[in-house]
Amino acid sequence: MNDIADLDPVELDEHFLRRAFDVARRATSHGNHPFGAILVDQNRNVLIETENGYMPSHDGTAHAERLLATRACTGLSPAVLSKATLYSSAEPCAMCAGAIYWAGIGRLVYGLSEERLRAITGNHPENPTLNLPCRTVLESGQRPTEIVGPLLQDEAAALHENIWNK
């Protein structure tokens, strides 16, 4: 494993975003859609990892980021969450952006943009994407959320190869 102590802020974001990509790959290996999220505290410790949870119950609300936000706000203090970063393999949808906001997570870094995801998935019935950027949702709140992304989009897009055309 890389020594993350020596990474600059951009390298650190890329490191943890790639870890979210690993979680997304794991989701696919478990029969779910290729989405993953991790929560990292201000001391660079991974606190939570969540995969997409669509299967087996076909729960359309079981997005990785929403599942992570629920675990985070029910298990961690507001002080920790306000200084934490959520790394997501893809841009959070409006539902997930709202969950991130209500959980009080202070920072978001994502890979694949919703626009590019929509181009990949097309009109797939299991991913009817919303054309509403997470920035629009998060910037409408009373509490600031720092947003970085899209980042490493080609790597993030590769997670979706041969997934949505089955």
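Visitor: Which residue in β4 stands opposite threonine 85?
Guide: The model is predicted. Strand β3 covers residues 85-90 and strand β4 covers residues 107-112; the two run parallel and are joined by 5 bridges. The residue in β4 that stands opposite threonine 85 is arginine 107.

Visitor: Which strands stand at the edges of the sheet, and why is one side of each left without a neighbour?
Guide: The sheet is open, with 5 strands in mixed pairing and the order β2-β1-β3-β4-β5. From one strand to the next, the twist averages 15°. Each edge strand has a single partner strand, so one side of it has no neighbour in the sheet; these strands are β2 (46-51) and β5 (146-148).

Visitor: Which element gives the most residues to the largest nonpolar core?
Guide: This core has 24 residues, and Phe16, Leu17, Phe21, Ile38, Tyr87 and Leu112 have the most contacts inside it. Two or more residues come from each of α1 (9-29), β1 (36-40), β3, β4 and α7 (153-158). With 7 residues, the element that gives the most is α1.

Visitor: Which residues that line the largest pocket are the closest to its centre?
Guide: The largest pocket holds about 330 Å³ of space. Its lining consists of 21 residues, and the closest to the centre are Gly60, His63, Cys93, Glu126 and Asn127.

Visitor: How many residues in the lining of the largest pocket are charged?
Guide: Elements that give two or more residues to this lining are α2 (64-75) and α5 (114-121). By class, the lining has 11 nonpolar and 6 polar residues, and the number of charged residues is 4.

How values were computed: Residues are numbered from 1 along each chain as its sequence is written. This is a predicted model: local features need pLDDT of at least 70, side-chain atom pairs count only at pLDDT 80 or more; totals for chains, interfaces and linings use all residues. Side-chain values use heavy atoms; hydrogens and water are left out. On a 1 Å grid over the protein atoms alone, a cavity is a set of points where a 1.4 Å probe fits but cannot get out, and a pocket is an open set with protein on both sides within 12 Å along at least five of seven lines; lining residues have an atom within 4 Å of a point. Grid points are joined across faces, edges and corners, and a volume is the space filled by probe spheres set on the points. Helices (H or I, at least four residues) and strands (E, at least two) are DSSP runs, numbered from the N terminus. Ala, Val, Leu, Ile, Met, Phe, Trp, Tyr, Cys and Pro count as nonpolar, Asp, Glu, Lys and Arg as charged, and the others, Gly among them, as polar. Two strands pair if DSSP finds at least two bridges between them. Axes are lines fitted to C-alpha atoms, for helices over the stretch in contact, and angles run from 0 to 180 degrees between N-to-C directions. A nonpolar core is a set of buried Ala, Val, Leu, Ile, Met, Phe, Trp, Tyr and Cys residues joined through side-chain atoms within 4.5 Å. Buried means under 20% relative accessible area, exposed over 50%, partly exposed in between (1.4 Å probe, protein chains only).
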